[in-house]
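Reader: Can you walk me through this one? I have the fold open and would like the plain version.
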Amino acid sequence: MTSGHRGLQPRKQPRQVRAELTRQRILDAAARVFAEYGYAAGTTNRIAERARVSIGSLYQYYPNKDAILVELLTRHLDAGMAATPLDQDELLPESIEGILRFHVHNVIENHSEDPQLLRVMMEQGPRAPELLERVARSEGKRIAYARRLLGNHPEVRVADVGIAARLVTTTVEMVVHRVMAGPGEVDIARFEDELVTMLTRYLTGGPSVTPEG
């Protein structure tokens, strides 16, 4: 992380259980405050009050609310990577539909805890260069993983596996985010079924146009 963005770094790295619990209380309170009030009105005073700590104590851990939101988003990214590990192929079903369902289900689970907070994190929060770089690295790993899976699977019949890997990866992330963070209630089971069906038909239907050359 560069020195020019130190304002987004947590100030205190807690080493004691008590300090870690206080930091966790601040993050949990911030998640509730941002979800309830939005980012602009989700002030550090409100977060401190909800966490039952003094504003001075909050600033010992985080220099501002930008740093708190960055850590919440980082936790969201880490949870997503933990839910869909990229090195445990033996846990995957054999069919391409089963593989897609496994990953789509886990992405939906990672986006289902608090849709309002998800909207705040993705659409209203700071766009720190180090955070954008982390998002890009995470996406790059997932695309490379998808390319390997699709390239080795006998059911996949697309013209370009590299493009297919990018399309599937970004489609799952973007569509799940937009639907889960959007207004109104969603039938999660039906949504999962429809998304898996759409992607399965795309991957197994074969190329609609044969590339020249």
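Reader: How many of the 213 residues count as buried, as a percentage?
Author: 42% of them count as buried. Keep in mind that this is a predicted model.

Reader: And what is the protein built from, helices or strands?
Author: Nine helices and zero strands. Read from the N terminus, the order is α-α-α-α-α-α-α-α-α.

Reader: What share of the contacts between residues at least 6 apart in sequence join residues at least 24 apart?
Author: 75% of those contacts do.

Reader: OK, helices then. How do H8 and H9 pack?
Author: H8 covers residues 161-181 and H9 covers residues 188-204. Their axes are 12 Å apart, at an angle of about 165°. Angles over 145 degrees count as roughly antiparallel, so H8 and H9 are roughly antiparallel to each other. The crossing of H8 past H9 is right-handed.

Reader: Which residues make that contact?
Author: On H8, they include Ala164, Leu167, Val168, Thr171 and Val172. On H9, Ile188, Phe191, Leu195 and Met198 are among them.

Reader: How many of the contact residues are nonpolar, polar or charged?
Author: The contact of H8 with H9 has 15 nonpolar residues, one polar and no charged.

Reader: Switching to H7. What does H7 span from its first C-alpha to its last?
Author: H7, residues 129-152, reaches 35 Å with its 24 residues. That is close to the 34 Å expected at 1.5 Å a residue.

Reader: Which H7 residues are buried?
Author: Glu130, Leu131, Ser138, Arg142, Ile143, Tyr145, Ala146, Leu149 and Leu150.

Key
Residues numbered from 1 in each chain as written. Predicted model: local features only at pLDDT ≥ 70, side-chain atom pairs only at ≥ 80, totals over all residues. Heavy atoms only, no water. Axes fitted to C-alpha atoms, helices over the stretch in contact; angles between N-to-C directions. Helix = DSSP H or I, 4+ residues; strand = E, 2+ residues; numbered from the N terminus. Parallel < 35°, antiparallel > 145°, perpendicular 65-115°, else oblique. Left-handed = near helix turned anticlockwise from the far one by under 90°. Contact = heavy atoms within 4.5 Å. Nonpolar A, V, L, I, M, F, W, Y, C, P; charged D, E, K, R; others polar. Expected span 1.5 Å × (residues − 1). Buried < 20%, exposed > 50% of the residue type's maximum accessible area, 1.4 Å probe, protein only.
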